[in-house]
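Thanks for coming. Please have a look at the structure on the screen before I start.

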Amino acid sequence: MSLTSPALISSGIRALRHHNYRLWAGADIISVTGTWMQVLGLNWLILEMTGSAASVGLSLVMQALPTLLLGMWGGALADRLPSRPVVVAAQLAQAALAAVLAAIVVTGVDSVLPIYAVALAGGVVTALGGPALGRFGAQVVPPADLSNAMALGSLLSSAGRILGMSLAGVLLPVTGNAGLFVINAASFFVVIAAVAAMRRSEFHRLAAAERQRGAVLEGLRYVMRTPWLLVVLALWFVSGSVGRNYQVTMAAMSAGPLEAGAGGYGLLSTAFAVGTVLGGFLVAARPELTIRLLLITAFAIGVAQALSGLMPELWSFAALMVPIAAGAVAVDTTVSARAQLDSPEPMRGRVIAALSIVSAGSGALGGPLLGWLSDTLSPRLALELGGVACVAAALLAAMALARLSGRTIRQAARLRPRLEQA
């Protein structure tokens with residue numbers, strides 16, 4: 001079947017008919033695979049050196065903190081500068097940091113401080129280069145196919161995560177941590193090669209912002225003065241904090257009420273991974289990602305999360321993880337698609353930065369909060385409270401968006417007679 005055939009275009013992979021996106025998608029899955037190989041290797045290295053799970057958590061904070069502090073600056077740069085050179089520079093920087101990690105292992109440094117420094121530097125690169133990466137990804141497909149490209153990106157990210165963790169588990173005893181870091185460093189050059197091979201004539205360029213003082217504050221003001229976007233981000237924050245940190249609650253349920261141990265946690269992680277892949281397929285098959293889909297899905301996975309706390313055994317709990325994970329992918333992809341497509345092109349990078357900040361903040365808050373609730377109350381009650389909070393957030397968001405929609409309709413009705421008189 002031709003890549004331009006109507007049957008393929010109407011399917012869930014229509015974005016793949018574009019040459020530049022095919023290169024981007026292929027490079028993406030390789031890069032994501034390498035990233036997750038490094039994640040496993042880095043966490044294991046820190047655990048070996050310190051014997052402390054808290055030390056592993058600290059490295060995650062180091063990676064997320066720059067996004068919270070510098071994310072909007074990265075968005076302002078992405079809106080003003082050409083995306084391609086920023087993307088290439090960010091890939092080179094990440095490759096160099098991965099090589100530094102490999103050198104730390106090879107030279108036998110016995111302090112965890114250099115590793116934390118690399119994690120912090122990697123967070124800075126992500127904060128400053130991530131919005132440009134997202135903006136560039138929006139230029140390899142036309143706007144009509146952007147939501148499908150995002151859905152396929154979610155699918156590829158899920159597949160790359162599974163592949164990367166699996167390969168890392170196999171290769172770690174053979175190559176050691178240094179080998180995993182070297183492989184990740186090489187994966188960034190695949191992205192650079194893909195960018196170099198793209199056809200300039202087929203880019204769908206976005207309007208750039210003018211160079212001006214106060215670009216970061218302008219981005220913040222845009223978010224704060226766009227009510228629908230604030231509602232969507234608030235819903236996403238609640239969903240991402242008390243309704244998304246399943247690595248915490250799955251571990252707590254497996255070690256506690258389900259009495260399934262490490263093997264049970266592995267089964268739950270696999271079920272969740274399968275759900276993310278399924279969610280990617282389902283979202284990619286939809287012709288459009290709408291706010292209605294976001295609200296319904298957020299409500300449904302909130303209900304499912306509350307019910308998961310009532311599941312009596314491992315298999316029933318694992319069965320609920322599949323639709324919950326699929327719904328999480330749908331929520332994330334829809335938020336990203338609507339936030340980008342419904343915002344002005346010169347503001348796109350700062351909107352992407354706002355999404356990154358909300359994502360990082362929800363993870364930083366939700367993980368410790370759910371852990372505290374699980375330890376203080378119980379894992380089951382933590383899931384139930386989180387699920388109820390997500391349901392309430394979805395209902396409140398629906399009411400707020402309905403009021404905003406009604407206001408817009410009334411404003412348009414008042415404006416129409418004036419236009420007719422003119």
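This is a predicted model: local features need pLDDT of at least 70, side-chain atom pairs count only at pLDDT 80 or more; totals for chains, interfaces and linings use all residues.

Let us begin with the aromatic rings. A pair of aromatic rings is described by the distance of the centres and the angle of the planes. Searching the whole structure gives 2 aromatic pairs. In one of them, the ring centres of Trp24 and Phe136 are 5.1 Å apart and the planes stand at 65°, so this pair is edge-to-face. Trp24 sits in helix H2, residues 19-50, and Phe136 in helix H5, residues 113-137.

Phe203 is in the loop between helix H6 (146-197) and helix H7 (215-224), so its pair with Phe136 in H5 ties together parts 67 residues apart in sequence.

Are these residues buried or exposed? Trp24 is buried, with a relative accessible area of 14%. Phe136 is buried at 1% relative accessibility, and Phe203 is buried too. Trp24, Phe136 and Phe203 together make one aromatic cluster.

Now the helix packing. H7 packs with helix H13, residues 348-376, at an angle of about 70°, and the axes are 10 Å apart. The angle makes H7 roughly perpendicular to H13. Their crossing is right-handed. On the H7 side, Ala215, Glu218, Gly219, Tyr222 and Val223 meet Arg350, Val351 and Ala354 of H13. Sorted by class, this contact has 5 nonpolar, 1 polar and 2 charged residues.

Key
Residues are numbered from 1 along each chain as its sequence is written. Side-chain values use heavy atoms; hydrogens and water are left out. Rings of Phe, Tyr and Trp (its six-membered ring) pair if their centres lie within 6.5 Å; planes under 30 degrees apart count as stacked, over 60 as edge-to-face and the rest as tilted. Helices (H or I, at least four residues) and strands (E, at least two) are DSSP runs, numbered from the N terminus. Buried means under 20% relative accessible area, exposed over 50%, partly exposed in between (1.4 Å probe, protein chains only). Axes are lines fitted to C-alpha atoms, for helices over the stretch in contact, and angles run from 0 to 180 degrees between N-to-C directions. Angles under 35 degrees count as roughly parallel, over 145 as roughly antiparallel, 65 to 115 as roughly perpendicular and the rest as oblique. A crossing is left-handed if the near helix is turned anticlockwise from the far one by less than a right angle, and right-handed if clockwise. Contact means heavy atoms within 4.5 Å. Ala, Val, Leu, Ile, Met, Phe, Trp, Tyr, Cys and Pro count as nonpolar, Asp, Glu, Lys and Arg as charged, and the others, Gly among them, as polar.
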